[in-house]
Amino acid sequence: MFATVSKYLNKNTEAAPLAVFRVFFGIMMLASILRFWANGWIEKLYIQPNFFFSYYGFEWIKPIGDYTYMLFIVCGVASLFVAIGYKYRISIILFFLSFTYIELMDKTTYLNHYYFISCIGFLMIFLPANAYFSIDAYKNPSKAFQKIPRWTIDSIKLLLGIVYFYAGLAKLNSEWLFKAMPLKIWLPSKYDIPFLGNLLQQEWMHYAFSWSGVIYDLTIPFLLLYKPTRWFAFAFVVIFHVLTRVLFPIGMFPFIMIVSALIFFDAGIHQRIIKFISKLFRLNYLKISAISEGKNYKIKRNFLLPILALFFIVQLLLPWRYLAYPSELFWSEEGYRFSWRVMLMEKAGYVQFKVVDSKSGNRFYVDNSDFLSPFQEKQMSTQPDFILEYAHYLGEHFVSQGHENIAIYAESYVALNGRLSEPYIDPTVDLLKEEESFQQKKWILPFGGIIKGL
């Protein structure tokens, strides 16, 4: 076994696929930053709000006022430098740190694909993505290599495979498969889409989308790996992600996944892509190739492999942490994030906070719009860790105003996947006495229904 592993780790392959991945990844990230800025989301999401929801353990990460624009500039410039392979190691580290900081500034904006980008950014720190077709290699031929270890490319394939396969496993539940939820709620609203609008009103189409989504996620990594089905699989990648982009407002993510899937193709395809880019920007392709021709990249495996092994162990195990909680995952969301559970539920909620003087019994209710943006209030109303953090913020606020002996209670109702609203938070529990932790939140009321599956 060890001999087989050692033999695999010593295998080399063409560097072109990793170079193309670097170029497209950097371009996609730059486009994402520019799009975010152009839509005014920096101001709306990170400067205007008075309060920001934090991730447990990362409470020290907050927006930095108008300097938040500088953070986006750093991230955008780093993306450009990654794409062109200039000062690559510094650039990818700056990209990873700045993008992840942006991601952690406010939990309200959490999306699976932000987490995916942070994971890719971290992984690329340890890969020789500038060994070929980069400014670094062009300016310093000692950094130019035609061949790189095969596992450096396979590591990206592995991460993409985990994302798809775990997304498929997450869909193996009674809501998705046997009730077509939440697609049965979402798809009929797309009646104005040409050609598809009328079909999306049909119940059979909701089930078709649900089941095809499961099959796609569970099989696409293997179809991309198997050469005879690769082009067929890539066509499905394009169709699937273009369709999801048309149906749902998920930004650049579909395009990122499409270009990422190119990593599964052989080096010849990537050489043709590099030739096309070279012609487009009037670069000397022959000179670029000659610089690295016949040179093999030697990597310090003793340092890198333990780090990457730990990274992938975390990726494989973290999505299963929800099994440590007895509550219904979709209801409590304990262990829900960072597990590639994509668009699996529709929740609507209402929560009102009651501030009580525990000695006099005097009470008043909080107007959430005095403290939160509409988007923050919507997110807070269905997620218990948001509710707890906000309750503590309210406690600190009212104590600073001179209120004493206060207790804060939540009167909350949540509707999951089209069900009638149910009481969500125990209204008899003083949330100021509860602390955020990885332990089960026993003040979440039990879910009245049953959802079977993973």
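1. Two helices meet around the second largest cavity: H2 and H13 each give at least two residues to its lining. Helices here are DSSP runs (H or I, at least four residues), numbered from the N terminus. Ala, Val, Leu, Ile, Met, Phe, Trp, Tyr, Cys and Pro count as nonpolar, Asp, Glu, Lys and Arg as charged, and the others, Gly among them, as polar. The volume of this cavity is about 30 Å³.

2. A word on the basis: this is a predicted model, where local features need pLDDT of at least 70 and side-chain atom pairs count only at pLDDT 80 or more, while totals for chains, interfaces and linings use all residues. Residues are numbered from 1 along each chain as its sequence is written, and side-chain values use heavy atoms, with hydrogens and water left out.

3. How many cavities of 30 Å³ or more does the count give? There are 2. A cavity is a set of points on a 1 Å grid over the protein atoms alone where a 1.4 Å probe fits but cannot get out, a pocket is an open set with protein on both sides within 12 Å along at least five of seven lines, and lining residues have an atom within 4 Å of a point. Points are joined across faces, edges and corners, and a volume is the space filled by probe spheres set on them. The largest cavity has a volume of about 70 Å³. Its lining is made of Tyr-166, Leu-169, Ala-170, Pro-319, Trp-320, Tyr-322, Ser-339, Arg-341 and Leu-454, which divide into 7 nonpolar, 1 polar and 1 charged.

4. Helices H5 (88-104), H6, H16 (301-317) and H19 (384-400) each provide at least two lining residues, with H5 giving the largest share, 6 residues. By class, you will find 21 nonpolar, 8 polar and 9 charged residues in this lining.

5. H2 (residues 16-38) also packs on H14 (residues 267-280), at an angle of about 50° and with the axes 8 Å apart. Axes are lines fitted to C-alpha atoms, for helices over the stretch in contact, and angles run from 0 to 180 degrees between N-to-C directions. The two helices are therefore oblique to each other; angles under 35 degrees count as roughly parallel, over 145 as roughly antiparallel, 65 to 115 as roughly perpendicular and the rest as oblique. Their crossing is left-handed, where left-handed means that the near helix is turned anticlockwise from the far one by less than a right angle, and right-handed that it is turned clockwise. On the H2 side the contact uses Ala-16, Pro-17, Val-20, Val-23 and Phe-24, and on the H14 side Ala-267, His-270, Gln-271, Ile-273, Ile-274 and Ile-277. Contact means heavy atoms within 4.5 Å. By class, this contact has 9 nonpolar, 2 polar and no charged residues.

6. H13 (residues 253-260) has a partner in H12 (residues 230-247): their axes come within 9 Å and cross at roughly 175°. That makes H12 roughly antiparallel to H13. From H12, Phe-234, Val-237, Val-238, His-241, Val-242, Thr-244 and Arg-245 meet Pro-254, Phe-255, Met-257 and Ile-258 of H13. The classes here are 8 nonpolar, 2 polar and 1 charged.

7. Which way does H6 run relative to H8? The angle between H6 (residues 112-124) and H8 (residues 150-170) is about 165°, and their axes are 11 Å apart; the pair is therefore roughly antiparallel. H6 passes H8 in a right-handed crossing. In the contact, Phe-116, Cys-119, Ile-120 and Leu-123 of H6 meet Ser-155, Ile-156, Leu-159, Leu-160 and Val-163 of H8, giving 8 nonpolar, 1 polar and no charged residues.

8. Finally, two backbone details in loops. The peptide bond from Met-181 to Pro-182 is cis, with omega near 10°, and Pro-182 sits in the loop between H9 (174-178) and H10 (183-186). Lys-87 is not a glycine, yet it has a positive phi of about 50°; this residue is in the loop between H4 (68-84) and H5.
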